[in-house]
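Here is a short note to read alongside the model. Keep the structure open and check each point as you go.

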Amino acid sequence: MSLLTLYLVLLKATALSFSGFGSVPVVREELVLSRQVLTDEQLNDAIAISQASPGPLGLYVVTVGYVVAGFAGAVVAALALASPAVLAIPIVVLVRRGSDTYLRGAYRAIVIASCVLMAVTGSRLAPQAVPSASLVVLAIAAFVTLAATRVPPIAVILLCALLANGLP
Amino acid sequence: MSQFPWRAFMRACALHVGAASAAASLRRDLVNDGLISEAKFDEAFGIARLTPGTNLLAMVTLLGLRLNGWLGAAAALAVTTAVPGTIAAMATMVYVSYAGHPAAARSMQGARAGALAVLIWASVRLLLPQFSDRRVQAASIALAVLMLGGFTAFPQYLLLLVAGAVGAVLLRIPS
């Protein structure tokens, strides 16, 4: 896979998302299912690694880029992640003119669609992520912890990594 | 650029996980030190939420623009992408090197289970506030996306674009 193609694929994924993991469904569709340069396991690992390192959550694409095309792939992925940020500048102008009526509606719908697709993608990653009953229990416990407490995701993931060594 | 607050941007992106935590760090460093007004910071924060892609990167671009024009925008974006990007790339190198070790493989399996929980939790946490008003329209869009994205081979990026077009009509804010 060429670096330009990787950049364009990741740009498409990041430019159509409004949250860190909003790009996961498009990344999976393009790189795992269509082009088969990444596995579900590697995608899951990229999400886990990004959660355990500083920076924006969308940074998992850098790990994806590295796995697909080495260090150059990581650089290309970082560029794809950064590119949509420049759109903020023309958006400021639109908002100041009060022309954001339709824009906000469109963005809200994209957030809704992204969330639904993230949940669908999560269900498809599940067989790789939680292949045993004990790991299913661990994932459910992690979800409940995140939903019911203020424990940060990084701590939950690191704890899961530690606990997995004691599982049957 | 000699007065550019490099350290504030470095600290925000290298010591914090996620946009919310990094934004709080930037607010403390930039607003409290009088480098930018609270109103300008809030404007950047709000517009970043409307910008496609990673919110944090859009916000630092706008803050850099305010602080030092186009050069400031480019510098803030470059720092906030390159520093954590390098850390992530190095973490991946370590992961690739040790992925075959039994203890590392078990830890990674646990981390995958945790990451899946985070992914589902993030989708639920982001989705619920979208139903605060215009619930029927919002639920209709969610259901249509679930049907098309979950049970057909409809391309997902196209689905997002179509959802955006429908939302522009159904969920627009009346003037």
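Which residue forms a salt bridge with E30(A), and how far apart are the closest N and O atoms? Point 2 gives the reply.

1. **Ground rules.** This is a predicted model, in which local features need pLDDT of at least 70 and side-chain atom pairs count only at pLDDT 80 or more, while totals for chains, interfaces and linings use all residues. Residues are numbered from 1 along each chain as its sequence is written, chains are lettered from A and ligands numbered from 1 in the order in which they are written, and side-chain values use heavy atoms, with hydrogens and water left out.

2. **The E30(A) pair.** The partner is K12(A), and the closest N and O atoms are 2.6 Å apart. A salt bridge here is a side-chain nitrogen of Lys or Arg within 4 Å of a carboxyl oxygen of Asp or Glu. The pair links distant parts of the chain: E30(A) is in helix α2 of chain A and K12(A) in helix α1 of chain A, 18 residues apart. Helices (H or I, at least four residues) and strands (E, at least two) are DSSP runs, numbered from the N terminus. E30(A) is buried, with a relative accessible area of 9%. K12(A) is partly exposed, at 25%. The terms work like this: buried is under 20% relative accessible area, exposed is over 50%, and partly exposed is in between (1.4 Å probe, protein chains only). R35(A) joins K12(A) and E30(A) in a network of salt bridges.

3. **Salt bridges elsewhere.** Over all chains, a search of the whole structure finds ten salt bridges. One of them pairs R66(B) with E43(B), with the closest N and O atoms 3.2 Å apart. R66(B) lies in helix α4 of chain B and E43(B) in helix α3 of chain B, so the pair ties together parts that are 23 residues apart in sequence. R66(B) is partly exposed, at 40% relative accessible area. E43(B) is also partly exposed, at 25%.

4. **Size of the interface.** I89(A), R108(A) and I112(A) supply 9% of the area that chain A buries against chain B, more than any other three residues.

5. The rule finds three salt bridges between chain A and chain B. One of them joins R108(A) to D133(B), with the closest N and O atoms 3.5 Å apart. Another joins D45(A) to R112(B), at 2.3 Å. D45(A) lies in helix α3 of chain A and R112(B) in helix α5 (residues 102-127) of chain B, so this pair joins two chains. Both D45(A) and R112(B) are buried.

6. **Two residues of chain A.** T14(A) is found in helix α1 of chain A. Is T14(A) buried or exposed? At 2% relative accessibility, T14(A) counts as buried. A polar atom of its side chain lies 3.3 Å from the backbone oxygen of L11(A). Leaving aside neighbours within four places in sequence, T14(A) is in contact with residues including S23(A), P52(B) and G53(B). A119(A) lies in helix α6 of chain A. A119(A) is partly exposed, with a relative accessible area of 32%. Not counting residues up to four places away in sequence, A119(A) touches I120(B) and S123(B).

7. **A helix in chain B.** The buried residues of α2(B) include A22(B), L26(B) and V31(B). What covers the buried residues of α2(B) includes α1 (6-14), α3 (38-50) and α4 (55-98) of chain B. Just after α2(B), G34(B) takes a positive phi of about 75 degrees.

Methods: Buried area is the accessible area (1.4 Å probe) that two parts lose on being put together, summed over both. Contact means heavy atoms within 4.5 Å. A polar contact is a pair of N or O atoms within 3.5 Å; within protein, one must be able to donate a hydrogen and the other to accept it, and residues adjacent in sequence count only if both atoms are side-chain atoms.
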